[in-house]
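The entries follow the order in which I looked things up.

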Amino acid sequence: MTSAQSGLWALDAPPGGEVFSAGDIVGVEGRPGEWELMKPGPGPGVWIAESARLEDRVSAKVAVGALQRLADAPHIRRGDLVMQRYPEQERAAVVSAVVRLGQWVAVKSYTLSDGGVCLALDSVDRLEVVTAEQLAAAIRVDVVHGAHVGRIVQAVVSARAGQFRVVCRCAPGAGEICRDGRKVTWCPSLDSARQLWDWHVSGPAPTGSAA
């Protein structure tokens, strides 16, 4: 076997075996708990793994043949950029660890407006992986008309991704502009969102807002 072939074996698996990647959370035969694969080990068919827990993590060299897929392995992994899976979400965070606390939980961090960093725990079931390009492409338009000060915001995640909502601070508690008693009126295009804004500011007072 050539050195190149040995390198591939260390990264993935022996010929005919399963392929694993850095960040996978797996079981290891003969070792309790779950383990996170950190990087290929110093020899073929070896990984460096760390115990997938919040505190007192330990490192070990484990053979590829001892790795076991988890039936409920999390879809989120260390280093992912994530958002909560709600269309109104605008803030993304970076995952620094994934652990089991009764359920799979991601440790995530994001930067505050004052430059500080906030750490938080969130169920992986509520998170969706996004890219910096998706965030940068999302349209955010400030709109003002007299006492009406608002924004047109494009959703990044969920089934609403690509659609627009309109918010306004024209009255205490005002938020999402809606029609016909709906919590949020989602618009399919920027033009239709501007039309909703025009409809909103043409009236004497807001017709509804999200609680």
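Which residue in β12 is the bridge partner of Val144? I looked it up and found Val149 as the bridge partner of Val144 in β12.

Before going further, I noted that this is a predicted model, in which local features need pLDDT of at least 70 and side-chain atom pairs count only at pLDDT 80 or more, while totals for chains, interfaces and linings use all residues. Residues are numbered from 1 along each chain as its sequence is written, and side-chain values use heavy atoms, with hydrogens and water left out.

Entry on the whole chain. I counted three helices and 13 strands in the protein, taking helices (H or I, at least four residues) and strands (E, at least two) as DSSP runs numbered from the N terminus. Of its 211 residues, 39% count as buried, where buried means under 20% relative accessible area with a 1.4 Å probe and protein chains only.

Entry on the open sheet. I traced three strands in the order β11-β12-β13, with antiparallel pairing, two strands being paired if DSSP finds at least two bridges between them. Because β11 (140-145) and β13 (164-168) stand at the edges with a single partner strand each, one side of each is left without a neighbour in the sheet. Neighbouring strands here are turned by 20 degrees against each other on average, direction ignored, the axes being lines fitted to C-alpha atoms. Between β11 and β12 (residues 148-154) I found six bridges in the antiparallel sense.

Entry on β6, β7 and β8. I saw β6 (residues 81-84) pair with β7 (residues 93-101) in the antiparallel sense over two bridges, and Leu81 stands opposite Val94 in β7. The pairing of β7 with β8 (residues 103-111) is also antiparallel and runs over seven bridges, with Val98 opposite Ala106 in β8. One residue lies between the strands of the β7 and β8 hairpin, where Gly102 takes a positive phi near 85 degrees.

Entry on Asp122. Leaving aside neighbours within four places in sequence, I listed contacts (heavy atoms within 4.5 Å) of Asp122 with residues including Trp104, Ala106 and Leu127.

Notes. Axes are lines fitted to C-alpha atoms, for helices over the stretch in contact, and angles run from 0 to 180 degrees between N-to-C directions. Buried means under 20% relative accessible area, exposed over 50%, partly exposed in between (1.4 Å probe, protein chains only).
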